[in-house]
2 protein chains.
Amino acid sequence: MREIRADASRRTPTLEDVAKAAGVSRATVSRVVNGSTTVDPRMRHQVTKAIETTGYIPNAAARTLVNGRTGTVALVISGSDGSADQLFRDPFFGRIAGGVLRHLRSRSMHPTLMLADSGQARQEAVDFVRRGNADGALLVSTHAGDPLPRLFVDAGIPAVLFARPAVPVPISFVDLAHAAGAALAADRLADRGCRRVVTIAGPADLPAANDRLAGFQRAMERRGVPYVEVARGNFTTDSGERAMAELLATVPDADGVFAANDLMAVGALRVLHEHGRSVPDDVALVGFDDSEPARLARPRLTTISQPVEQMAERMTAILLDHLSGATELTSVVFDPELIVRESA
Amino acid sequence: MREIRADASRRTPTLEDVAKAAGVSRATVSRVVNGSTTVDPRMRHQVTKAIETTGYIPNAAARTLVNGRTGTVALVISGSDGSADQLFRDPFFGRIAGGVLRHLRSRSMHPTLMLADSGQARQEAVDFVRRGNADGALLVSTHAGDPLPRLFVDAGIPAVLFARPAVPVPISFVDLAHAAGAALAADRLADRGCRRVVTIAGPADLPAANDRLAGFQRAMERRGVPYVEVARGNFTTDSGERAMAELLATVPDADGVFAANDLMAVGALRVLHEHGRSVPDDVALVGFDDSEPARLARPRLTTISQPVEQMAERMTAILLDHLSGATELTSVVFDPELIVRESA
DNA sequence: CTGAAAGCGCTAACAA
DNA sequence: TTGTTAGCGCTTTCAG
């Protein structure tokens with residue numbers, strides 16, 4: 001005997017129904033529902049009771065239609081064409097989602113997930129917001145030259161980017177001080193006395209990867225190591241293995257390795273082990289990200305952590321500011337941290 | 001000079017505007033927009049042109065208000081209180097999201113992410129759908145006695161569950177044949193000649209965990225190993241370490257281990273290594289899930305795979321069936337697969 | 001095949 | 001403080 005469950009016959013109750021049941025006007029019910037203070041306590045009580053007995057719940061579409069707000073933001077994951085599956089297996093994504101969710105829910109808002117991995121998908125993401133399905137967009141862009149930020153800016157949609165845009169686009173963003181993080185790694189290696197240092201860098205078209213590489217090289221130079229052999233990977237474990245094998249062939253007496261992410265570091269670890277090098281005794285190894293694999297590896301990886309959840313929360317906060325009228329662009333760069341474990 | 005970008009002054013164009021520009025009625029424009037076939041080609045052309053020049057895009061709220069459909073489904077991640085962060089770091093979640101997304105996007109639909117980790121959050125998830133923010137719900141329930149499924153069923157909301165409900169609830173679901181998967185692990189161990197077999201089970205209040213344990217025990221019995229020592233973990237690496245240490249104390253000559261998930265298997269691996277046991281030579285080890293850590297471990301983990309993406313896709317398909325009127329409950333149980341790598 | 005008009009459920013002036 | 005009323009933008013009979 002619950003009113004909540006709609007009998008096949010009975011439509012779901014509307015403001016009108018509540019008004020009738022309470023013997024007041026729709027406007028008054030609306031006021032009560034929206035917490036207006038200018039309502040007679042007695043009426044408020046009547047209405048509250050009527051809401052209860054009718055099982056009334058406001059209709060979101062009707063509200064949106066009149067006040068233009070949806071309470072939804074699009075969380076757009078940008079990926080190069082077809083990289084979808086790869087992307088979602090990456091815990092990085094989950095951490096972002098978690099941070100976004102935490103911030104939104106305190107405002108009774110919700111994220112709608114979208115994947116923008118093709119021209120069509122990108123356009124659909126833009127249209128989704130243009131149709132008024134969402135108030136704004138959170139853009140997670142992992143690859144360079146991504147047209148996504150431009151698309152949203154041109155459409156005049158409030159949006160915030162996770163990661164600095166590869167090409168200049170007038171958009172707010174949050175990012176990590178990648179170079180500073182790499183410098184932390186360099187210092188760690190130098191402090192341990194490593195002199196024959198090599199590095200596994202990320203894709204050359206990714207700003208974050210280049211920042212890490214440049215930051216590492218600069219820091220090593222400061223520490224008296226002018227040249228660092230570089231091999232490129234693409235942030236996967238396999239590519240890390242290949243790069244490490246290459247490096248070992250070129251610099252057999254390497255005593256320190258900096259991998260631009262943990263996955264590649266894990267690959268390097270495997271190759272080092274196969275070649276009989278002990279980590280950290282023969283060669284010290286530092287990763288980047290402080291992801292799950294870093295914690296699980298044997299030896300546990302010394303690495304650079306990024307506060308992904310916090311960054312995601314901040315990104316969300318900035319978007320909400322824009323939604324409530326803030327017009328000037330904001331960019332926040334977070335500081336990474338050295339996490340010392342066993343590998344260096 | 002793009003019409004798309006709304007000048008501060010100009011409102012976004014409506015059907016009315018397009019109708020005026022094309023010299024036809026709103027109804028005709030609506031027909032064209034919705035692909036009605038009963039429209040004169042010439043008019044259609046007029047309208048199409050007008051849509052282009054005005055930069056018209058339909059308003060979702062207005063549509064929803066009249067036809068009752070949102071094109072959105074809620075993707076509700078259920079967690080015990082406060083387990084949010086833990087949950088989103090788990091790639092399992094990302095894989096589900098990926099599968100859901102893939103199926104939805106082909107229907108021009110989208111998932112809205114919700115976390116139901118408290119009584120209040122659960123109620124909000126239900127209300128979200130009741131307000132007409134979504135057409136139905138996808139429920140990912142990871143813990144036993146979860147009140148979530150019941151809540152949705154009682155509210156009369158179309159919903160499908162990922163994982164069999166712990167208590168009987170009339171709801172459609174997809175699940176894995178956990179017992180069969182565990183039997184695969186048992187057979188692998190038995191085939192290698194393991195006789196002193198132990199297992200690290202999951203939480204006792206989780207149906208999936210119990211199914212795996214029971215399936216494993218039954219299969220070992222069939223293979224002539226009537227007794228298997230059991231230690232309980234909670235699916236984390238740490239708990240796997242503790243359980244393995246325990247087991248090693250009780251059964252020092254163990255030659256085979258089945259861990260109910262990969263994370264615990266990785267923990268076991270570490271302890272085994274510390275105790276000087278070589279894997280797989282001294283003791284064979286099988287995990288469950290075929291997650292990233294299984295691929296990254298050294299030695300690489302032999303494990304049982306679940307087709308998470310496929311399951312998520314199917315779950316979504318079932319929900320869409322319900323949304324288009326299918327009324328009878330559906331449950332689909334997927335078969336796991338043995339993935340042979342190095343650890344057994 | 002096309003147009004006129006009646007809502008969908010709600011909010012926000014504006015009056016009373 | 002409350003009620004009346006005019007839309008929000010769209011779909012869908014129902015006539016023509």
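Hi everyone, I'll talk through a sheet in chain A and then the protein surface near DNA strand D. Please keep in mind that this is a predicted model.

Let's start with the sheet. In chain A, four strands form an open sheet, and their order is E7-E6-E8-E9, with parallel pairing. At the edges you'll find strand E7, residues 229-232, and strand E9, residues 284-286, each of which pairs on one side only. Going from one strand to the next, the twist averages 15°.

Now look at how strand E6 of chain A, residues 197-201, meets E7(A): the two run parallel and are joined by four bridges.

Another is helix H12 of chain A, residues 262-274, in touch with E6, E8 and E9 of chain A. Its direction makes about 145° with that of E8(A).

Let's move over to the DNA. How many residues surround DNA strand D? There are 26, and the closest are Ala27(A), Asp40(A), Thr14(B), Leu15(B) and Ala62(B). Both chains bring helices here: H2 (26-33) and H4 (60-67) of chain A, along with H2 (26-33) and H4 (60-67) of chain B, each supply at least two residues of this surface. H4(B) gives the largest share, five residues.

And what kinds of residues make up the surface near DNA strand D? We have 13 nonpolar, eight polar and five charged.

Conventions:
Residues numbered from 1 in each chain as written. Chains lettered and ligands numbered in written order. Predicted model: local features only at pLDDT ≥ 70, side-chain atom pairs only at ≥ 80, totals over all residues. Pairing = 2+ DSSP bridges. Axes fitted to C-alpha atoms, helices over the stretch in contact; angles between N-to-C directions. Contact = placed C-beta atoms within 7 Å. Near = placed C-beta within 6 Å. Nonpolar A, V, L, I, M, F, W, Y, C, P; charged D, E, K, R; others polar.
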